[in-house]
Amino acid sequence: MKTTDTPPPADATTDTAGKIPGQRVAKQDAPESGKSISGSTLNVFSHGVLIIWAIMVVLPLLWAVMSSFKDDNSILSTPWALPDKLHFENWSRAWSSAHMSEYFLNTIIVVGFSLVGTLVLGSMAAYVLARFEFVGNRFIYFLFVGGMSFPIMLALVPLFYVMNNMQLLNTLPGLILAYIAYSLPFTVFFLTSFFRTLPSSIAEAAFVDGASHTRTFFQIMLPMAKPGLISVGIFNFLGQWNQYMLPTVLNTEPDNRVLAQGLVELATSQGYKGDYSGLFAGLVMAMLPILAAYIIFQRQVVQGLTAGALK
């Protein structure tokens, strides 16, 4: 009798090349596994770099806070040791005796008014440059961009004489105007790109309903640009709060000094003696508002920075 060959089962069939499909799939997955290995290696490397960077940033801050609660002898003899007890008198001495309360109030006034003025003027200029076409649009835009690259040191001498002629030298309003002028180029550059990402259909619908340009800007477009305003506001707040060169040149009146000037005065007023504990306390006082602002608005900062990329 002749036996007939039984056909192979369906799962054992081979393709035209004589290869089992399962083997072909396995060979196709090999490059993907290689990509996953390289991707995981890159993730480990990037996370390692971020951890090192975080340690480099956090350790000095923790050391400054720890030193603000130690006495001068402990700071010099055992700088890395924990304080034996919390010396809160360092904070009270820096706040009252070193006049940090006055410097703090002056800084809040100057930065508060200059930040509001920068955001209002910068957002209005950026909205016009981003949404309207007119003769000289690009020229004005590149003037603001060029202002970002202009060294502030080259403008100190003429700025000093301009402030002196306008009777604004050694005054808080003069310092506010200087801060606004110093922060406007970056604000206009940042917000112009942000306003271009906003949908124009909403503004057109407002115009159809009879809204004016002013009402459309303040009631419709400006609320939509809130993430961008918060982001550029945080950057301007950091720069204006830590500003030292402008107040040193334009604000030599002792009663109008800001925090940066006060910290330098606190560091040099004692001569060779040096109130290190009070200096660290004042430094932490000046640092806390910046940390609080970033912690509160960190989500809005990220949204403002990524809005243009996600559009």
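Q: Helices (H or I, at least four residues) and strands (E, at least two) are DSSP runs, numbered from the N terminus; in which helix does Phe-104 lie?
A: Phe-104 lies in helix H4, which covers residues 100–131. This is a predicted model, in which local features need pLDDT of at least 70 and side-chain atom pairs count only at pLDDT 80 or more, while totals for chains, interfaces and linings use all residues. Residues are numbered from 1 along each chain as its sequence is written, and side-chain values use heavy atoms, with hydrogens and water left out.

Q: How many helices and strands does the protein chain have?
A: The protein chain has 13 helices and 0 strands.

Q: Why is Phe-104 called buried?
A: A residue is buried under 20% relative accessible area, exposed over 50%, and partly exposed in between (1.4 Å probe, protein chains only). The relative accessibility of Phe-104 is 17%, so Phe-104 counts as buried. In the protein chain as a whole, 34% of the 311 residues count as buried.

Q: Which residues does Phe-104 touch, leaving aside its neighbours within four places in sequence?
A: Contact means heavy atoms within 4.5 Å. By that rule, Phe-104 is in contact with Trp-95, Trp-241, Leu-259, Met-285 and Pro-289. Phe-104 and Leu-259 are 155 residues apart along the chain, with their C-alpha atoms separated by 5.8 Å. Of the contacts in the protein chain with a separation of 6 or more, 74% join residues 24 or more positions apart.

Q: What makes the arrangement of H4 and H12 roughly antiparallel?
A: Two packed helices are described by the angle between their axes and the distance between the axes. Axes are lines fitted to C-alpha atoms, for helices over the stretch in contact, and angles run from 0 to 180 degrees between N-to-C directions. The axes of H4 and helix H12 (residues 259–268) come within 8 Å and cross at roughly 160°. Angles under 35 degrees count as roughly parallel, over 145 as roughly antiparallel, 65 to 115 as roughly perpendicular and the rest as oblique. H4 is therefore roughly antiparallel to H12.

Q: Which residues make the contact of H4 with H12, and how do they divide by class?
A: H4 contributes Met-100, Tyr-103, Phe-104 and Thr-107, and H12 contributes Leu-259, Gly-262, Leu-263 and Glu-265. By class there are 5 nonpolar, 2 polar and 1 charged. In this scheme Ala, Val, Leu, Ile, Met, Phe, Trp, Tyr, Cys and Pro count as nonpolar, Asp, Glu, Lys and Arg as charged, and the others, Gly among them, as polar.

Q: What makes the pair of Arg-257 and Glu-265 a salt bridge?
A: A salt bridge is a side-chain nitrogen of Lys or Arg within 4 Å of a carboxyl oxygen of Asp or Glu. The closest N and O atoms of Arg-257 and Glu-265 are 3.5 Å apart, so the pair qualifies. A search of the whole structure finds 1 salt bridge. Glu-265 counts as partly exposed because its relative accessibility is 32%.

Q: Why is H9 called roughly perpendicular to H10?
A: The axes of helix H9 (residues 213–224) and helix H10 (residues 226–241) come within 5 Å and cross at roughly 65°. For that reason H9 is described as roughly perpendicular to H10. Leu-222, Pro-223 and Met-224 of H9 meet Lys-226, Pro-227 and Leu-229 of H10. This contact has 5 nonpolar, no polar and 1 charged residues.

Q: How do you know that Ser-277 is buried, and what joins its side chain to that of Asn-90?
A: Ser-277, in helix H13 (residues 276–310), has 2% relative accessibility and therefore counts as buried. Its side chain and that of Asn-90 are joined by a polar contact of 3.4 Å. A polar contact is a pair of N or O atoms within 3.5 Å; within protein, one must be able to donate a hydrogen and the other to accept it, and residues adjacent in sequence count only if both atoms are side-chain atoms.
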